[in-house]
Amino acid sequence: MTPNNKLITNPIDASELSFEDFKTIVINDYKIAYESRQASLLGRKEVLTGKAKFGIFGDGKELPQIAMAKAFKNGDWRSGYYRDQTFAFATGICTIKEFFAQLYANPSVEADPASAGRQMNCHFATRSIEQDGSWKDLTEIKNCSSDIAPTGGQMARLVGLAYASKLYRENPELAYLKNFSLNGNEVAFGTIGNASTSEGVFFEAINAAGVLQVPMAMSVWDDAYGISVPAKYQTTKEDISEILKGFQRDEKGAGYEIFKVRGWDYPALCETYQKAIDICRDEHVPVLIHVTEVTQPQGHSTSGSHERYKDKQRLDWEREYDCILQMRKWMLESAMITEEELAELETAAKQTVRTAQKDAWNEFLADIKTEKDQVIAMISAISNGDAQLSKIVSQLSATPDAQRKEVISSARRALRLTLNRPSDERNALANWYAQQKSLNEDRYNSKLFTDGKESPLLVDVQDAVYEEQSKMVDGREILNACFDANFARDPRLVAFGEDLGNIGDVNQGFAGLQAKYGELRITDTGIREMTIVGQGIGLALRGLRPIAEIQYLDYLLYALNVLSDDLASLSYRTKAGQKAPVIIRTRGHRLEGVWHSGSPIAMILGSLRGMHICVPRNMTQAAGMYNTLFRSDEPAMIIECLNGYRLKERLPENVGEFTVPLGQAEVVRKGSDITIVSYGSTLRIVEEAAEELEQMGISVEIIDPQTLLPFDNSKICAASLEKTNKLLVVDEDVPGGATAFILQQILEEQQGYYLLDAQPKTLSAKAHRPPYGSDGDYFSKPSTDDVVEAVYQMMQDHNSAKYPSIF
């Protein structure tokens, strides 16, 4: 078996290199490019023969990626897309064997360090954290943030990766974080296809980086198409650098440096990248490198052929200006190598790639073959001539490269067929399956969170401390004091968002704190929700502790793609190889009108698994949740109640220290007749209703789950149902929204169904968004009247003699 070798490119410094040294570097680069091309060609064949599900490759982009790799140093970061395999090979981020392991979806971190088989091929990542969740020294490695497939999706986090360098360079308080930066000298490299520059997030990110003036190096691979759609339908003037000329730096200083270079011109590519990245790194100026005349020899992916949409003239041009062919021609003309030597190199390269592919395939099948043999033996032992069982054995035996699903499915079918035939042999198969179920849970379903030593679930619980002199203050003042205490304690904390800095946010949670801690730590941003979130992700990937504010919960939709595709899936898709402990701060529920009264919790629950979702009922609870999250390392969202900032609360003496545990529900009122579960703004309405219901002879127990993800880990709700046997869930999401989730958790996960003696009910907002004004709120969202009458109706349904009809 061959070693998992890396073949890494070297920089070219013409002033110090002899011609022989120069030749060696160039020939090595050609070898990398040629091996990468062979990996693309062979990878496509593996998909078409059925060994892999799908393939997308970086053929045609080999030379620009090698040039880019030459300027990429330890500590730098990449945020790219699924065409960058040559760059990954040339930097050592990925080996060819690992490339094929990912193509086959090998669920081993050792085989596929990027994703443990959880991502399709060419989705690269480096492992930033150890198994216990602690950080590695990121300055000693070439870093690659985990790729995502949505085109343009890499742009948002790229802004944050570059912005981190600015903070590390300009904030001396961060100098102690030596494992994350060397004086902010790191460049964040981004890559994108020309068609994806049409995405809104591209323009948002380009603008944000220009405003921030950060070391972001953006490469555009321009092959003049977006799958089958030519550039004339994609980009004004068919030229992205042409239309971005207004971003070019001028005598005022701010802006970009923009470069354009052809993708088949090896010497020009090397020179351009060296110049561009030197400016980017030294001056902290964003640069755009527009690489034109790129080809795509195999078309977009294994799903189809580009001969369907490219005419003969274009195809002929692509064959002639294939970058590897052009480099080969240049090397021969420059007398760097002979035809015979090139032929020998190419033959060896093909063999290297073929060997790596075979080794990756054999390693992928090794464990499965063992499991297959075990299942065949165990089913054979219980078959006793049974025709159906014998058929399962023969079918499995006749499948030479059986996948794990075929092996496990065979075992499950055999167990179903022998349901009424107990035996020691059947028990052995059942026990084997139980063990495999656990192993497969780890292979395919684990690490939604990193679950490391800094998990928020491990943070010590500290109660809020009050004394006789503890003041009654507006809720916003509790938040302000909490943020103040924590920013003084931890210099890694930064906060940014629309109106957050100078005025201290629209509800004054950060009032006065920018003046105290400076603009680098508490910062206003433009109106750009996607890159506010991306800014947070990038900073968190680099060891900082960002609070990214989305001003209103209704505006979360503008950033939901970044939150869902990138942040929420990060731990899972890297199998805890990377973490980004971003806190998304927002406010929602009740205020005025369609876009300032949102409570789209079901949308959040459905799209953000992999984030903790905190729904505090007041600002004291919110502060305790912030304190917990500031001391832990997993991403979360806190939704503050819009109508709670000016309500009076007691200020805890330990406002920056007390913690509210995640996943711990709280009984806020004890009762015996009915359990009401609610959260956020409706919790106060439920409390008001409970007072009136008590006068009507109905005792209400109120439970605040406090967080929806995780939900009531201690099963407080089920314990309440043991007393009351009745359940009402109240919130202000749409019907069948978050209330349905809460019912599923209580009735199914906590087995609360068996504790009920009445039909469980939900009370939510109407299906539409709330109209403007107090009347609109009253007739659209649950009111105290609604809660009182809903509870009373449930009690009447249970005992109509005791509770006569109201209406």
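Is R646 buried or exposed? R646 counts as exposed, because its relative accessibility is 60%. Here, buried means under 20% relative accessible area, exposed means over 50%, and partly exposed is in between, with a 1.4 Å probe and protein chains only.

A word on the source. This is a predicted model, where local features need pLDDT of at least 70, side-chain atom pairs count only at pLDDT 80 or more, and totals for chains, interfaces and linings use all residues. Residues are numbered from 1 along each chain as its sequence is written, and side-chain values use heavy atoms, leaving out hydrogens and water.

Back to R646. Its side chain meets that of D474 in a salt bridge, at 4.0 Å from N to O. A salt bridge is a side-chain nitrogen of Lys or Arg within 4 Å of a carboxyl oxygen of Asp or Glu. Side chains of opposite charge can pair when their charged atoms come close. Helices (H or I, at least four residues) and strands (E, at least two) are DSSP runs, numbered from the N terminus. D474 is buried, with a relative accessible area of 9%.

Next pair: R590 and E732. Their salt bridge is 3.2 Å, N to O. R590 lies in the loop between β13 and α20 (601-607), and E732 in the loop between β21 (727-730) and α24 (738-749), so the pair ties together parts that are 142 residues apart in sequence. R590 is buried, and so is E732.

Now E242 and K245. Their side chains also form a salt bridge, at 3.2 Å from N to O. E242 counts as partly exposed at 29% relative accessibility. K245 is exposed, at 51%.

How many salt bridges does the structure hold? There are 52. Some join up: D505, E549, R585, R587 and E640 are linked in a network.

On to the sheet. It is open, with 7 strands in the order β11-β10-β12-β13-β15-β14-β20 and mixed pairing. β11 (522-524) and β20 (707-709) stand at the edges with a single partner strand each, so one side of each has no neighbour in the sheet. Neighbouring strands are turned by 20° against each other on average, direction ignored. Two strands pair if DSSP finds at least two bridges between them. β14 (612-614) and β20 pair in the antiparallel sense over 2 bridges. I613 stands opposite L709 in β20.

Which helix packs on this sheet? Helix α15 (475-489) does, touching β10 (493-497), β11, β12 (545-549), β13 (583-588) and β15 (636-641). Contact means heavy atoms within 4.5 Å.

Two single residues now. G501 lies in the loop between β10 and α16 (513-517). G501 counts as buried, at 1% relative accessibility. Leaving aside neighbours within four places in sequence, G501 is in contact with Q514, I522, T523 and D524.

S128 is in the loop between α4 (96-103) and β2 (143-144). S128 counts as buried, at 1% relative accessibility. Beyond neighbours within four places in sequence, its contacts include W77, W135 and G577.

Last stop: M696. M696 is in the loop between α22 (681-695) and β19 (700-704). M696 counts as partly exposed, at 31% relative accessibility.

Notes
Axes are lines fitted to C-alpha atoms, for helices over the stretch in contact, and angles run from 0 to 180 degrees between N-to-C directions.
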